[in-house]
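Here is a chain to look over together, one question at a time.

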Amino acid sequence: MCNSCGNEFVKWSGQCPACHEWNTLVEVGNFTKLSKAKSRSARPAIYSVTPREAIKNDSGKSFNTNIVELDRVLGTGLTPGGVYLIAGQPGIGKSTLLTQLAITLNTPLLYICSEENVGQVATRINRLTTKDTRHINLLNTSSTEDILKATNSLKPELVIVDSIQSIATEGNPTTAGSPSQIRDCASLLIQTAKESNIPMIIVGHVTKEGTIAGPKLLEHMVDTVLDLTGDRQHELRLLRGIKNRFGPTDETGIFRMTNGGLEEIADPSKFLLEGRLKSTPGSVLALVMEGTRPMTAEIQALVVESAIPVPRRIAKGINTNRLQLICAILTKHLKLPLGTKDVFVNITGGLTVNEPGVDLAIALAIISSVKDKALPDSSICFGELGLLGEIRSVSFQEKRLKEAKKLGYKHIYNPSTHPHLKKIIKNK
Ligand code: TYD
Ligand code: MG
């Protein structure tokens, strides 16, 4: 069996014929066990088709989680029988978020802690609340069969499995966390969720590269994939929907990690601009979109004479390639002498922005640092930079403009007022 893709073969080879990974084939002696697992998950053949009218939507109603930012990302709350995967790096706050969810839901639920023992989870619950938490049933097990048995006998309103990487099914001889084990456990959990109409939330780890650990298949199998991201040195945590069979995927939940758990941030702009120095060269405000929400972020740039032959371009919160491109555009179209200078760019508050609307702010921050001149007070900008130095329109332009006006900014540099970089600089 291949440890990477879970395919089975009748002979060993150094490279998996299916996924082309090296040294992943392991010998699986117990064939009877394997085939037993197969036959158990096989469903009886159904040959009847169902007319649309005959399908009653009696699977029960979705229910809200009472955590506003989580509901925003889910769109419709938790749907009966829905299977949700929450992925994120170790220590980012997955268990914290789910413990808080368990506390606020106040309906009978089953919390499977296969990574931690019951005592650790109970300590976390006590740390997060002083309220009555008798509705939370904790089960410490790494056996998928035990989870299914407990689910079927308790009939809770929600099952939380923390995490898929640390559970195993008897039918699969590989160790917990192997791709084939993840695949088999996930399919058993999903089958039970659909049959019993109980929603399940599964925690998944991410690899060093940032992708969800285990077979890609896992993401296809579940109904919803949520990604909890953030910089562990900062408080900010973003919950983004990657896939959602029940609602939108363009919403983002914004939280901060505090001593009392994850706190929802209602006004992200205020949070991100805390402690900002006004009228300082190198600092520019940008209106960025996080999902469908506009918010204000501070972009800082520092440009200094380089002491090394190949000057550095260092970015935090934005892509380094993007920074290199913007430096090249500024050198070519504004004759900015960046060739011998180190350029550092940072977005404050631990925010990471991947949308092109932040380009103009990065460019203006660099120009402002080079010229040692601050932008006028009460100015903000958004727009994508083209290779010719033109400022291109971005998504949600009206929404950003409206937000900027609402916040009272007087100078709003944007693609419709300033179609080219040269136009902004000439005005200075
Ligand atoms: P955790 O939820 O255990 O992370 P994950 O399950 O994603 O691995 O969160 C771990 C971090 O969160 C840990 O470094 C401690 C911190 N934390 C707080 O800051 N406040 C809290 O109230 C809790 C419960 C955890
Ligand atoms: Mg955890």
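Q: Why is α3 described as largely enclosed by the rest of the structure?
A: This is a predicted model, in which local features need pLDDT of at least 70, side-chain atom pairs count only at pLDDT 80 or more, and totals for chains, interfaces and linings use all residues. Residues are numbered from 1 along each chain as its sequence is written, chains are lettered from A and ligands numbered from 1 in the order in which they are written, and side-chain values use heavy atoms, with hydrogens and water left out. Buried here means under 20% relative accessible area, exposed means over 50% and partly exposed lies in between, with a 1.4 Å probe and protein chains only. The helix is called largely enclosed because the number of its twelve residues that are buried is eleven.

Q: Which residues of α3 are buried?
A: Helices (H or I, at least four residues) and strands (E, at least two) are DSSP runs, numbered from the N terminus. By that numbering α3 covers residues 94–105. Its buried residues are Lys94, Ser95, Thr96, Leu97, Leu98, Thr99, Gln100, Leu101, Ala102, Ile103 and Leu105.

Q: How far does α3 reach from its first C-alpha to its last?
A: The expected span of a helix is 1.5 Å times one less than its number of residues. For the twelve residues of α3 the expected value is 16 Å, and the helix comes close to it, with a reach of 16 Å.

Q: At what angle do the axes of α3 and α4 cross?
A: Axes are lines fitted to C-alpha atoms, for helices over the stretch in contact, and angles run from 0 to 180 degrees between N-to-C directions. Angles under 35 degrees count as roughly parallel, over 145 as roughly antiparallel, 65 to 115 as roughly perpendicular and the rest as oblique. α3 and α4 (residues 118–128) are therefore roughly perpendicular to each other. Their axes come within 10 Å and cross at roughly 65°.

Q: Which residues of α3 and α4 make the contact?
A: Contact means heavy atoms within 4.5 Å. On the α4 side, the contact is made by Arg124, Ile125 and Leu128. On the α3 side, the residues are Ser95, Thr96, Thr99, Gln100 and Ile103.

Q: How many residues of the contact of α3 with α4 are polar?
A: Ala, Val, Leu, Ile, Met, Phe, Trp, Tyr, Cys and Pro count as nonpolar, Asp, Glu, Lys and Arg as charged, and the others, Gly among them, as polar. In this contact three residues are nonpolar and one is charged. The number of polar residues is four.

Q: Is α9 parallel or oblique to α10?
A: Helix α9 (residues 320–334) and helix α10 (residues 359–371) pack with their axes 10 Å apart. The angle between them is about 60°. That makes the arrangement of α9 and α10 oblique.

Q: How many residues of the contact of α9 with α10 are nonpolar?
A: From α9 come Arg322, Leu323, Ile326, Cys327, Leu330 and Leu334. From α10 come Asp359, Ile362, Ala363, Ile366 and Ile367. The contact of α9 with α10 has two charged residues and no polar ones, while the nonpolar residues number nine.

Q: Is Asp372 buried or exposed?
A: Asp372 is found in the loop between α10 and β14 (379–381). Although Asp372 is not a glycine, its phi is positive, about 55°. With a relative accessible area of 59%, Asp372 is exposed.

Q: What is the relative accessibility of Ser378?
A: Ser378 lies in the loop between α10 and β14. Its phi is positive, near 60°, in a residue other than glycine. Ser378 counts as partly exposed, at a relative accessibility of 24%.

Q: How many residues of α6 are buried?
A: The 18 residues of α6 should span 26 Å at 1.5 Å a residue, which agrees with the 26 Å between its end C-alpha atoms. α6 is largely enclosed by the rest of the structure, because its count of buried residues is 14 of the 18.
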